[in-house]
Amino acid sequence: MIASVLEAGARYGRSAGSGSPVNVEFVSANPTGPLHVGHGRQAALGDGIAALLEWTGWRVSREFYYNDAGGQIERLTHSVMARMKGQEPAEDGYHGAYIQEVADAFGSRVPALEEVRRFAVDYLRKEQDRDLQAFGVRFDTYFLESSLYSNQQVDETLKTLERAGHTYQQDGALWLKTTDFGDDKDRVLVRSAEKGG
C-alpha cells in the first residue's frame, strides 16, 4: 500500500472516472454591488469542489448564475437613476458609494430606466468578474436569470404546472402544491406584485 502511494506521488488518489458531466454553480452574487469577503469564501469553496471533482474524473463545468431580474435589480436601477438626478436613493434602495460611481460612469445624460438597468448590471458584473479573475477563479458559463423571462421559459413552465393541476391562486399569489410531493407546506411561485411581468 505504502509503495503504491509513493509510486503514484502527486497523482495519488486521482481517478480516471467515467468522465460524466457535472455542473458546479457557485458565488453567483447578485449584480447589485461589489463582492465581499463572504463571496470570496464561496469562490474558494466552489472552485475547490470543482477541482476535486475534476481530479476524480468528472467533466466539470463551472457556472456563475446572475440574478439580474426582480426586486433587487429594480432597487438598483432606481438608486442609480436617483444619483444621476442628484437625488438620494429611496430608503429601501442602495446607498453605497459605488452607486454614485455607476451613475458617474454613465455620464450626464439621464436615460430611460431600462437603459440604466442594463448599464448598471453590466458595470457591476464586470467589476465582479475582475475581482474573481484576480482571485484566480474561472467560470465556463455565465447564466443570466433575465434570459428565462426574455425567451418565455418561465411563462411556459408556469403554464405547464397550471395545466397539470399543481398550482392554485390564494391571497393574490400563485402557489405551487409542493405538499403533494412531501413538502411541509406549499410555496409561492408568483407574488401578486410580480404578476403580469
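The side chains of D186 and T179 are joined by a polar contact of 2.7 Å, a polar contact being a pair of N or O atoms within 3.5 Å in which, within protein, one must be able to donate a hydrogen and the other to accept it, residues adjacent in sequence counting only if both atoms are side-chain atoms. The model is predicted, with local features requiring pLDDT of at least 70 and side-chain atom pairs pLDDT 80 or more, whereas totals for chains, interfaces and linings use all residues. Residues are numbered from 1 along each chain as its sequence is written, and side-chain values use heavy atoms, without hydrogens and water.

D186 lies in the loop between β5 (173–176) and β6 (187–190); strands are DSSP runs of E of at least two residues and helices runs of H or I of at least four, numbered from the N terminus. A further polar contact, of 2.8 Å, links the side chains of D186 and Y168. Beyond its neighbours within four places in sequence, D186 is in contact (heavy atoms within 4.5 Å) with residues including W175, L176 and K177.

The largest nonpolar core contains 15 residues, of which L76, V80, M84 and I99 touch the most other members. Such a core is a set of buried Ala, Val, Leu, Ile, Met, Phe, Trp, Tyr and Cys residues joined through side-chain atoms within 4.5 Å, where buried means under 20% relative accessible area, exposed over 50% and partly exposed in between (1.4 Å probe, protein chains only). A second, separate core of 13 residues includes A29, A50, Y66 and F139.

By contrast, A10, in the loop between α1 (2–8) and β1 (21–25), is exposed, with a relative accessible area of 73%.
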